[in-house]
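Please look over the sequence and structure below. A short briefing follows, grouped by topic.

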Amino acid sequence: MKSYPLLFIICLSGFAYLNAQIVGKVSDSNGESLAFVNIYFDSTANGTTTNENGEYALDLSDKGKYTLVFKYLGYKTQKKSITIDQFPYELDVLMEKQRLELDEITVKAKENPANRVIRNAIAKRKQYKQELSSFRADFYSKGLIRIKDAPERILGQDLGDFGGGLDSTRSGIIYLSETISKIAKNNNAFKEKILASKVSGDDNGFSFNNASDVNFSFYNNTVTFGGELISPIADNAFSYYRYILEGTFYDEGNRLINKIKVVPKRPNDRVFSGELFIVEDSWAIYALDFSATGEQTRIVPVDTIHLKQDFNYIPKQDTWLKTLQRIDFQYSILGFKGNGRFTAGYKNYELNPDFSKKEFTNEVLSFEENANKKDSIFWNDVRPVPLTDEETVDYLQKDSLQVIRKSQKYLDSVDAVGNKVTLGSLLFGYTHSNTFKEKYYSLASPLANISFNTVQGFRGGFEFNYRKRNEEKGTRFNLNTVFDYGVSDKRFRPSGSISYRFNNFSRPFLRFSAGNRVMQFNNNNPITPFGNSILSLFFENNFAKFYELNFSELFYSQELVNGISVYLNFGYEERKPLFNATNFVIFKGNADFTSNNPLDSQDFDNAAITGHHILKLSLTTRIRFGQKYLNYPDGKFNFSEDRFPTLYLGYEKGFAGSEPENHFDQLKLRLVQDFAIADKGRFYYNLRAGTFLNAGDISFVDYQHFNGNRTRITRGNYLNSFFLLPYYDLSTNQSYFEGHVEHNFLGYVMGKIPLLKKLKSNLIVSGKLLSISENDPYAEWGISLGNLGWKKFRFLRAGFVQSHYRGVTESGFNIGLQF
């Protein structure tokens with residue numbers, strides 16, 4: 001009796017694909033099912049593919065005579081002429097292995113015959129790239145991700161059952177989704193409108209399968225596949241690949257097809273391996289079957305990725321169009337492992353359409369209204385690839401479970417388990433969840449707040465956070481309080497904030513905060529509390545310098561129009577000097593603690609500032625040139641393009657203070673960008689400039705401070721800090737320019753050096769400059785190796801750095817983490 005529900009579900013899947021007009025199964029001569037067979041109407045790009053069980057379904061509205069083509073790499077292409085007088089029409093096909101030929105002339109050729117084919121394909125690359133640069137098409141995508149032997153907990157946190165998709169071995173489907181959309185492309189411009197979207201187990205969900213993410217063209221010199229990988233028919237492809245002609249065969253149109261084995265010269269390069277099929281004389285891509293490793297793509301969790309593409313010849317346009325694409329991958333990281341597949345189909349091409357001037361905007365993706373509300377009847381009618389039994393079961397089980405799992409009773413029961421206080425709560429903090437009402441109460445780990453500095457001594461406290469969200473509306477309310485206590489200065493310092501996000505489109509965000517805090521003079525906090533604690537307690541290096549701040553502040557941010565956002569700060573600040581309150585160390589070294597005065601490390605009696613208060617206004621505008629966005633029904637998601645930089649324009653004013661000499665104005669500008677340089681790696685820059693007005697005697701707090709580093713350890717962004725610069729020696733209240741440039745060769749250099757290439761590292765060169773009015777320029781350069789580590793955990797960067805200032809050269813080594 002227990003098998004009846006499963007049998008019923010499988011029967012439903014069979015009826016589902018019978019809604020299509022032509023159905024059947026494709027197998028080999030041994031009766032084994034063939035997946036991903038390209039099935040299409042002769043001389044068109046319209047068709048379908050078989051699922052993992054070899055089943056297919058092809059929609060057709062009119063009866064009559066048709067010719068179907070069945071194409072599968074490694075097998076003889078078959079044409080089937082059929083006459084349909086009733087629906088549904090069943091057609092099963094057996095396919096035979098393709099026999100490859102190597103003629104005598106090819107065998108005796110002095111030159112590698114594969115090289116001749118590839119040279120011709122490279123010569124035609126730009127022509128085909130141009131031919132396929134402007135089109136409209138219909139697009140279908142199905143994504144599936146499985147997990148195997150999933151862990152039950154990680155870092156003390158229960159992982160649950162991943163939406164109900166796991167069996168008794170904690171294996172199963174964790175993501176299943178389909179989309180149907182209209183796409184259009186015109187050179188670099190691309191847009192997609194999703195007509196229907198289905199996510200297993202979430203009737204309000206929107207699929208992240210979209211055409212722009214899988215728009216891979218090997219007619220480009222590089223293919224953006226995680227990183228920039230070299231196409232086997234790129235202009236410089238012979239520098240990266242060897243080619244072997246495995247044989248030839250004739251397709252259904254009596255065209256000679258060359259099967260080329262593609263072999264990387266250096267496996268650690270950003271390259272593919274596999275098989276490339278090229279049409280003789282036209283030199284177009286007939287099909288490809290490539291693979292790459294996670295290391296080659298720089299996608300850390302991935303073990304291997306397998307990519308297949310099929311092209312159909314269209315006589316009307318006299319060109320070859322991509323009709324099918326499949327991506328298979330295996331992944332493993334942190335105890336998680338599994339595999340997945342993303343299948344894409346293209347049909348109803350319209351080449352070189354007459355696009356209007358307003359056809360393309362910065363909106364890359366949009367959704368038709370109620371795209372995620374289509375029922376199973378709709379999907380059974382339009383789905384071009386039949387569901388497998390596994391997929392059908394997953395849809396039906398999760399769609400049934402979601403009704404239960406959204407109920408208050410179920411969510412409360414899950415919360416009751418997760419809300420238990422354990423030993424892990426002390427280590428990682430505690431959160432009390434009310435998932436049904438979307439309310440969360442959190443206490444940060446007391447251990448995480450313990451640190452040491454010479455002003456407060458050992459300090460600690462606790463942090464409480466309350467969050468109320470509405471995911472459907474995109475709103476979020478947050479209340480935060482922090483209670484801090486210093487043992488040596490015997491001071492209790494409370495602070496808190498209250499904030500609200502109004503929506504998930506333009507993201508208006510309002511926050512009010514107030515309290516008392518100990519602040520570093522450089523509010524960017526170039527020294528972390530943990531780092532300062534270690535350096536102070538074990539090496540007697542108290543690099544961090546502090547002042548006391550009583551404050552109340554109002555902050556607002558919003559995107560005004562696409563690509564232009566504003567950030568406004570207005571607040572009251574009372575600043576007070578602080579002095580060292582302890583000289584405690586664990587290991588006494590040769591050095592002594594310095595004073596808390598950043599202007600004079602040996603002045604223990606005088607402070608860098610006197611007590612005062614001031615009002616501050618700060619306005620920053622961020623302009624992301626050419627910003628693209630994905631317009632989901634529940635939010636707008638922005639992304640920048642490599643071709644354009646991001647510009648920041650800032651104005652800061654101090655006024656209405658207790659000391660008029662502390663008033664000032666500052667104008668600021670910042671320009672940042674990173675972009676790929678073909679196969680040579682990636683280039684980054686971060687440029688800042690600013691000038692003060694009427695700021696001759698302002699407080700040292702309001703100086704422009706630069707992110708120095710005396711620890712030889714870089715944390716965070718390498719383009720936002722120096723390697724060796726003292727923290728406050730060059731702080732200024734005058735005009736300044738700060739520049740950081742860096743080029744990461746991403747294996748281009750190290751992958752070619754014998755022995756060293758085994759490190760799988762990346763060569764990185766850096767340059768940094770700081771120029772201040774009425775002062776000599778300060779410069780640094782560095783050379784380092786990135787991507788160091790073990791197996792997939794390769795986040796370490798280490799190298800040699802050198803600084804130059806006023807004729808003095810300082811050298812050293814720098815290490816850090818870079819993700």
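**Loops and backbone**

Alanine 678 sits in the loop that joins strand S37 (664-676) to strand S38 (682-693). The model is predicted. The points below cover loops first, then helices.

Loop residues with positive phi

- Alanine 678 has a phi near 50°, which is positive although the residue is not glycine.
- Alanine 678 is partly exposed because its relative accessibility is 47%, and partly exposed covers values between the buried limit of 20% and the exposed limit of 50%.
- Serine 43 also belongs to a loop, the one between strand S2 (38-41) and strand S3 (47-49).
- The phi of serine 43 is positive too, near 65°, and serine 43 is a residue other than glycine.
- Serine 43 has 33% relative accessibility, so it counts as partly exposed.

A cis peptide bond

- Phenylalanine 87 and proline 88 are joined by a cis peptide bond.
- The omega of this bond is near -5°.
- Proline 88 lies in the loop between strand S6 (78-84) and strand S7 (89-90).

Helix H5

- Serine 376 is part of helix H5, which runs over residues 376-382.
- Serine 376 counts as partly exposed because its relative accessibility is 48%.
- Serine 376 and lysine 198 are 178 residues apart along the chain.
- The C-alpha atoms of serine 376 and lysine 198 are 9.7 Å apart.

Helix H6

- Helix H6 covers residues 389-405, a run of 17 residues.
- From first C-alpha to last, H6 reaches 23 Å.
- That span is close to the 24 Å expected at 1.5 Å a residue.
- Buried residues in H6 include Glu391, Thr392, Val393, Asp394 and Tyr395.
- Lys398 and Gln402 of H6 are buried as well.
- An α-helix has 3.6 residues a turn, so residues three or four places apart point the same way.

Helix H9

- Helix H9 spans residues 529-539.
- The buried residues of H9 are Asn532, Ser533, Leu535, Ser536 and Leu537.
- Three strands are among the elements that cover these buried residues: S26 (451-453), S27 (457-470) and S31 (546-561).

Methods:
Residues numbered from 1 in each chain as written. Predicted model: local features only at pLDDT ≥ 70, side-chain atom pairs only at ≥ 80, totals over all residues. Heavy atoms only, no water. Helix = DSSP H or I, 4+ residues; strand = E, 2+ residues; numbered from the N terminus. Expected span 1.5 Å × (residues − 1). Buried < 20%, exposed > 50% of the residue type's maximum accessible area, 1.4 Å probe, protein only. Contact = heavy atoms within 4.5 Å.
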